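Here are a few notes to go with your first look at this one. Keep the view open and follow the points in order.

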Amino acid sequence: MLLLSRHIEIDKSHLSFKFVSGDKTLLESPSVRIENADGFHRLSMQVDVDKRPKSLMLVIEAKGDPRHKQHFSSDAFLQLNQFPTGEPIAAASALLLKGINAEIHGEGTVNASLWFKSRPEQEGFDVVGHAGVQRLSVPIIGRKLVLDSFTTELVGRGLYSGKWQLALQDINTSVNDHLIEHVNLAASAASFDSPVVLHMQCINLEHLNQALDSAGLLGEARLRDIMRQLNPQGELRSEERR
């Protein structure tokens with residue numbers, strides 16, 4: 001039906017969500033537009049979140065018949081503007097970090113621009129873009145590490161077989177006024193059921209120790225005293241965790 005119609009437009013739609021946490025979110029879309037002409041397809045939509053105009057902008061353009069992947073290609077652009085982060089980041093981390101005991105939460109809003117493009121042979125898609133989050137809460141050593149003003153460039157790919165890879169490049173953030181700059185982190189999995197592998201290209205041991213100490217993650221007892229006496233220096237390269 002959607003492919004046979006040359007023009008479909010839905011005006012002024014409203015959706016209200018109530019999450020387990022008790023938070024409520026109101027989604028309002030002034031317009032959802034679908035256009036089809038001679039094998040070309042275009043979907044465009046705008047979503048206002050909790051009265052914030054243009055919190056989400058999505059445009060998808062495609063050529064061919066999606067029922068025949070070998071003759072179908074698509075591109076998409078997604079923009080988030082002051083989009084609430086709490087539930088989306090928790091859901092994304094639970095999905096991507098399946099098998100790792102980690103629950104990442106976001107506070108405030110996220111700004112992001114992401115471009116998606118179908119891969120050759122229609123085996124999946126590539127994604128590039130950048131994102132910034134006001135605050136991230138990451139579990140480390142049984143405590144919470146709070147990262148403020150988190151920004152990163154993203155490069156990744158996802159295959160329909162389940163294999164995926166996502167690289168966070170040039171990460172910049174702060175932990176209790178300690179700046180963490182130009183860090184590269186990647187995550188990947190061989191299939192939907194495979195464990196996630198985390199890769200870190202380089203870790204500045206002095207900055208990491210100071211950030212963990214200032215955030216209280218080393219506690220108040222012997223571990224903190226030992227780390228202060230050791231005062232680690234230098235860099236640890238090509239770290240990997242499964």
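**Notes on the strands, a ring pair and the core**

First, the ground rules: this is a predicted model, where local features need pLDDT of at least 70, side-chain atom pairs count only at pLDDT 80 or more, and totals for chains, interfaces and linings use all residues. Residues are numbered from 1 along each chain as its sequence is written, and side-chain values use heavy atoms, with hydrogens and water left out.

1. Start with strand S2 (residues 24-37) and strand S3 (residues 40-49), which run antiparallel and are joined by nine bridges. Strands here are DSSP runs of E with at least two residues, numbered from the N terminus, and two of them pair if DSSP finds at least two bridges between them. To find your place, look for Asn36, whose bridge partner in S3 is His41. The hairpin of S2 and S3 has two residues between the strands, and Asp38 takes a positive phi near 55° there.

2. Gln46 has Met57 in S4 as its bridge partner. This hairpin, too, has two residues between its strands, and Asp50 in the turn has a positive phi of about 50°.

3. Now for the rings: how many aromatic pairs does a search of the whole structure find? There are two. One of them is Phe77 with Trp115, 5.0 Å centre to centre and tilted, with 45° between the planes. (Rings of Phe, Tyr and Trp, taking the six-membered ring of Trp, pair if their centres lie within 6.5 Å; planes under 30 degrees apart are stacked, over 60 edge-to-face, the rest tilted.) The pair links distant parts of the chain, as Phe77 is in strand S5 (residues 73-84) and Trp115 is in strand S6 (residues 105-118), 38 residues apart.

4. (Buried means under 20%, exposed over 50%, partly exposed in between, with a 1.4 Å probe and protein chains only.)

5. Finally, the largest nonpolar core has 22 residues, and Leu56, Leu78, Leu80, Phe83, Leu147 and Phe150 touch the most other members. Such a core is a set of buried Ala, Val, Leu, Ile, Met, Phe, Trp, Tyr and Cys residues joined through side-chain atoms within 4.5 Å. Elements giving two or more residues to this core include S3, S4, S5 and S6.

Terms used:
Helix = DSSP H or I, 4+ residues; strand = E, 2+ residues; numbered from the N terminus.
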